[in-house]
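Q: Could we go through this structure together, one topic at a time?

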Amino acid sequence: MIKTVLIILLGIFFLVNGINHFYNSHFVQEYAEKRGLFEPKVMVFLSGLLLVFGGLSMITGYFIIEGMIGLCVFMAIAAFSIHSFWKEDDREDKMMEFMNFVKNWAIIFELIYLTTTVESKLGLF
């Protein structure tokens with residue numbers, strides 16, 4: 001029961017972040033442009049879709065494995081393309097991007113763990 005609640009809460013986290021990609025797309029696109037992301041407008045839209053799909057899959061229990069895999073792909077791409085701390089010159093910017101890089105990998109490892117513990121696509125409910 002507690003695992004189900006925690007997975008739903010994590011799904012809400014991703015869903016809210018995905019909605020934020022659409023609601024505040026201008027700001028997210030500016031940040032993506034600043035980080036040198038290829039086609040920022042398209043990438044922000046696609047990443048928003050991945051976040052919403054992954055979040056909804058975790059909340060509902062439908063296509064949960066596919067949703068978690070999509071989230072892992074998004075987080076890995078974001079870690080290397082957006083949070084490339086090694087490119088930063090400013091110490092504070094480097095530290096902030098490093099923390100986000102590590103945070104992304106922590107979330108990826110948690111998603112991998114959860115994916116391996118789900119018995120079936122509807123195994124949570």
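Q: Where does glutamate 39 lie?
A: Glutamate 39 sits in the loop between helix 2 and helix 3; helices here are DSSP runs (H or I, at least four residues; strands are E, at least two), numbered from the N terminus. The model is a predicted one, in which local features need pLDDT of at least 70 and side-chain atom pairs count only at pLDDT 80 or more, while totals for chains, interfaces and linings use all residues. Residues are numbered from 1 along each chain as its sequence is written, and side-chain values use heavy atoms, with hydrogens and water left out.

Q: What is the phi of glutamate 39 near?
A: Phi of glutamate 39 is near 50°, which is positive although the residue is not glycine. Most residues other than glycine have a negative phi.

Q: And how accessible is glutamate 39?
A: Glutamate 39 counts as partly exposed because its relative accessibility is 43%. Buried means under 20% relative accessible area, exposed over 50%, and partly exposed in between, with a 1.4 Å probe and protein chains only.

Q: Where is phenylalanine 63, and what is its phi near?
A: Phenylalanine 63 is in the loop between helix 3 and helix 4. Its phi is near 55°, again a positive value in a residue other than glycine.

Q: Changing topic: how many salt bridges does a search of the whole structure find?
A: The search finds one. It joins the side chains of arginine 35 and glutamate 88, at 2.4 Å from N to O; the criterion is a side-chain nitrogen of Lys or Arg within 4 Å of a carboxyl oxygen of Asp or Glu.

Q: Which parts does that pair tie together?
A: Arginine 35 belongs to the loop between helix 2 (25–34) and helix 3 (40–60), and glutamate 88 to the loop between helix 4 (64–81) and helix 5 (91–117), so the pair ties together parts that are 53 residues apart in sequence.

Q: Are those two residues buried or exposed?
A: Both arginine 35 and glutamate 88 are buried.

Q: Which residues of helix 1 are buried?
A: Thr4, Ile7, Gly11, Phe14, Leu15, Gly18 and His21 are buried in helix 1. They cover an arc of only 105° around the axis, so they lie on the same side of helix 1; the arc is that of the directions from the helix axis to the C-beta atoms.

Q: And what does the face turned away from that buried side carry?
A: That face of helix 1 carries the exposed residues Ile2, Leu6, Val16 and Tyr23.

Q: Last one: where is methionine 43, and how far is it from alanine 32?
A: Methionine 43 is found in helix 3.
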